[in-house]
Amino acid sequence: MAANEVVIIDIDKVVASRAKGKRFPKFILRWLKSFIHQEWINDFLRQGYLGVEFTEKMLEYMNVKVHVVGAENIPSEGRFTFACNHPLGGVDAAALVAFLGRKYDGNIITPANDFLMNVKQVQEYLIPVNKLGGQARDLREKLDEAFASDKQVFYFPAGACSRKIDGKIQDLPWKKSFITKSRESKRDIIPMWFSGRNSNRFYNVDWIRKKLKIKTNIAMFFLPDEVYRSRNKEYTMVIGKPIPYTTFTSEKSDAEWAAWVRGKTYELNNAE
């Protein structure tokens, strides 16, 4: 994305491009614009921020405050994999880009889902790992390149934001790739815990989706509104001590080690 290029959200254009000449009821378009808070988002996007500054200014625009605990646990030198829970799906990702991006002068990279890939202003830090089909091999190679590079890698190993599981708001089981890649690239893992939760509606929609056996991640479409609901809130981000990559021996499978690191991450909740 060019520095002088401003990308805004335009529901009219999006619908027109997909409607293939069919007329779309105006009241539905108005509702969509209102539901995703198009003007509120565009008022910020028109300011033209990019990269780390984009995420910092986004948090300011939303009047969101993030209290960082344990920053002293990050060694002054080294390549690391920062592994974090994913309770919100928007603000937590912005906070990590802002904090780590500022600390490492933008020398960061993260695997990103389709929702985050749509944020063009931070695309330079993203690897679209959820893309499928013929690109899959190329994207795996990009992931390998990222871990082999001198960039700091941060990861949401759940691959999606938290859900209500057994009555608690928590991540889905963490995928093992961050363990495998960290060991191969000799990166210590630094666990991070982020506070917060989405609205009950978000979790109820996901519950209904499961009951109806709908495969599409419908809850994802509610994320823009969840970001809006995060205005004027305070969150805590806790950084744990590095876990040496040599920890991840054959004593456990990589999936078991992923679950173990997940547990260590949630223990950081007590360090608030």
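Visitor: Is Asp225 buried or exposed?
Guide: This is a predicted model, so every value here is computed from it. Asp225 has a relative accessible area of 7%. The cut-off for burial is under 20%. Asp225 is therefore buried.

Visitor: Which side chain makes a polar contact with the side chain of Asp225?
Guide: Start with the place: Asp225 lies in helix α10, residues 223-229. Leaving aside neighbours within four places in sequence, Asp225 is in contact with Phe35, His37 and Arg201. The polar contact spans 2.6 Å, and the partner side chain is that of His37.

Visitor: What distance does helix α5 reach from its first C-alpha to its last?
Guide: At 1.5 Å a residue, 18 Å is expected for α5. The model comes close to that, with a reach of 18 Å.

Visitor: Which residue just after α5 takes a positive phi?
Guide: Helix α5 runs over residues 91-103. Just after it, a phi of about 55 degrees turns up at Asp105.

Visitor: What is the relative accessible area of Leu59?
Guide: Leu59 lies in helix α4, residues 51-61. Leaving aside neighbours within four places in sequence, Leu59 is in contact with Val64, Val91, Ala94, Ala95 and Ala98. Val91, Ala94, Ala95 and Ala98 are buried residues of α5. Leu59 is buried too, with a relative accessible area of 10%.

Visitor: How far apart in space are Leu59 and Ala146, C-alpha to C-alpha?
Guide: In sequence, Leu59 and Ala146 are 87 residues apart. In space, C-alpha to C-alpha, the distance is 27 Å.

Visitor: Which residue forms a salt bridge with Lys181?
Guide: Side chains of opposite charge can pair when their charged atoms come close. For Lys181, the closest N and O atoms of the pair are 2.4 Å apart, and the partner is Asp144.

Visitor: Where does Asp144 lie?
Guide: The salt bridge between Lys181 and Asp144 has its closest N and O atoms 2.4 Å apart. The pair links distant parts of the chain, 37 residues apart. Lys181 is in helix α8, residues 177-184, and Asp144 is in helix α7, residues 136-148.

Visitor: Which residues are linked with Asp206 in a network of salt bridges?
Guide: Asp206 forms a salt bridge with Arg163, with the closest N and O atoms 3.1 Å apart. Asp206 lies in helix α9 and Arg163 in strand β6, so the pair ties together parts that are 43 residues apart in sequence. Asp206 also meets Lys210 in a salt bridge of 3.5 Å, N to O. The network links Asp206 with Arg163, Arg209 and Lys210.

Visitor: What separates Lys210 and Asp206 in helix α9?
Guide: An α-helix has 3.6 residues a turn, so residues three or four places apart point the same way. Lys210 and Asp206 are four residues apart, so their separation is about one helical turn.

Visitor: Is Leu212 buried or exposed?
Guide: Leu212 is found in the loop between α9 and α10. With Trp207 and Ile208, Leu212 forms a nonpolar patch on the surface, with about 350 Å² of accessible area together. The relative accessibility of Leu212 is 56%, so Leu212 counts as exposed.

How values were computed. Residues numbered from 1 in each chain as written. Predicted model: local features only at pLDDT ≥ 70, side-chain atom pairs only at ≥ 80, totals over all residues. Heavy atoms only, no water. Helix = DSSP H or I, 4+ residues; strand = E, 2+ residues; numbered from the N terminus. Expected span 1.5 Å × (residues − 1). Buried < 20%, exposed > 50% of the residue type's maximum accessible area, 1.4 Å probe, protein only. Contact = heavy atoms within 4.5 Å. Polar contact = N/O pair within 3.5 Å; in protein donor to acceptor, adjacent residues only side chain to side chain. Patch = residues over 30% accessible without salt bridge, like charges linked within 9 Å, V, L, I, M, F, W, Y side chains within 5 Å. Areas by Shrake-Rupley, 256 points an atom, 1.4 Å probe, with all protein chains shown as cover. Salt bridge = Lys/Arg side-chain N within 4 Å of Asp/Glu carboxyl O.
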